[in-house]
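Morning, everyone. Please bring up the model on your screens, and keep the sequence open beside it.

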Amino acid sequence: FVPIFRASDGVRDVVLHGSRAFALADGRIVEREVVAVDLAARSPSQRSLFSLKDATLRGLDVAKDGLYVTGRRGMGSFVAQLDAEGHLLRTVDAPAGFNVRVAGSSPREPGVFLGTEGFAQPRTLARFRDGRSTPFPLEALGRLPPGERVVPRARLEWATSRDGTKVPMTIIEAGDARGKLVPTMMTAYGAYGTVLEPAYSPHLVAWLEQGGRYVFCHARGGGDLGESWHRAAMQEKKRVSVDDAIACAEDLLEKREVDRNHLAFHGRSAGGIIASTLLADRRDLFGAIAIEFGVTEATRMEHTAGGPANVPEFGSTATKEGFEALLQVDGYNRLTPGMILPRVLVTTGIRDNRVPAWMPAKFVARLRRFAVNAEAVDFRVDFDDGHGLASTAEQRAAYSADLLAFARSGMAAL
């Protein structure tokens, strides 16, 4: 056997076509590049085919008429078509507020299927071939009757974080809501290089239908602006994710997009690190905070069943420096007696094998013990669910209804 790719190459995607292998790998000069290997050669070696200095390449597909590369440039997504030698033939850019990606391809057929969707628009499919795009019939789930559809608009704003870094925010609202005081839900994740890109969400649509606004804070730790954005909030720098979320909330308040009484924060899973730390340190910014299956005790996460796998991302308590860094984002250990809380919702699933149920339960117990207004804390336990990854449609709908009702009830009347 002759190795053609090694772990040190940082290969993210591999496709085969004829006697050649194509891969998306870490670049020597740029963040990622497309490389090719001739498998028929006596001594196969990598050859760089394609890269872009101002973009992050994220996916690779092959069709009869060439390679298709999915990527992000700034806060927008695109699909680029290359010939077999890596020459750029054409690029399809997603409209503002939408995401485009290859939804299907075959090395035996020319062209690809492109999927395009927005936060409040279900995915549509189109056959892309010879530079032309032809809509492909697809019945969207959850389509609203004519005359009742919310017409959302997405806009990009930037907040200035504690260290001076500009942090992007995507704001989704009904077409006439800009500049108006409306209930606003904000979320941030900031971990694992995850990108908060446009994807259809019935949960979000329901919030917009009720006159709300939704804000995605693209905090560092995520991959919204590339791998460097991810690494800027890993391990000992994890507090940066929280600082970015604080900056986004403060920017919304300073620009009078909303006031504190009508601003809610929602953090899920690793986003619970941000949410629980906000609750401990900057609860003055929010009228309500919801933590869904969330990590609320960062210093203990390493010692859970799935915890060791998270050490490369969050760091370890095995060293003094690691412990002190994790303590900066440990919501549980940052709570103080005498707290006056906004409305709080914490959820868990008894079958959760990622964030064990004892962690949010322990967090709720301390919240209620330390808070002056312990009645502000609601605890939702699902005995038939885990981390939400295998939830039924009924479970997801019930949870969304509870979350949105909670958020709205925690806000002052308009």
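Start with Thr170, which stands opposite Phe216 in S16. This is a predicted model, where local features need pLDDT of at least 70, side-chain atom pairs count only at pLDDT 80 or more, and totals for chains, interfaces and linings use all residues. Residues are numbered from 1 along each chain as its sequence is written, and side-chain values use heavy atoms, with hydrogens and water left out.

Helices (H or I, at least four residues) and strands (E, at least two) are DSSP runs, numbered from the N terminus. Strands pair if DSSP finds at least two bridges between them. Strand S14, residues 166–174, pairs with S16 in the antiparallel sense, over four bridges. Strand S15, residues 184–187, runs parallel to S16, also joined by four bridges. There, Met186 has Val215 in S16 as its bridge partner. From S15 the chain crosses through helix H1, residues 202–209, to S16, and this β-α-β crossover is right-handed. That is, with the strands pointing away from the viewer, the path from the first strand over the helix to the second runs clockwise.

How many residues of S16 are buried? Five of five, across residues 213–217. Buried means under 20% relative accessible area, with a 1.4 Å probe and protein chains only. In a regular strand the side chains alternate between the two faces of the sheet. Arg213, Val215 and Cys217 point one way from S16, while Tyr214 and Phe216 point the other way.

Now back to H1. H1 packs against helix H10, residues 393–409, at about 35 degrees, with the axes 10 Å apart. Axes are lines fitted to C-alpha atoms, for helices over the stretch in contact, and angles run from 0 to 180 degrees between N-to-C directions. Contact means heavy atoms within 4.5 Å. On the H1 side, His203, Ala206 and Trp207 meet Ser400, Leu403, Leu404, Ala407 and Arg408 of H10.

Next, the open sheet. Four strands take the order S1-S2-S3-S4, with antiparallel pairing. S1 (13–17) and S4 (46–50) stand at the edges with a single partner strand each, so one side of each has no neighbour in the sheet. The twist averages 30 degrees from one strand to the next. Strand S3, residues 32–38, pairs with S4 over four bridges. Val34 stands opposite Phe50 in S4.

Last, helix H3, residues 239–254. In H3, 13 of the 16 residues are buried, so the rest of the structure largely encloses this helix. Arg256 follows H3, and its phi is positive, near 60 degrees.

Methods:
Expected span 1.5 Å × (residues − 1). Buried < 20%, exposed > 50% of the residue type's maximum accessible area, 1.4 Å probe, protein only.
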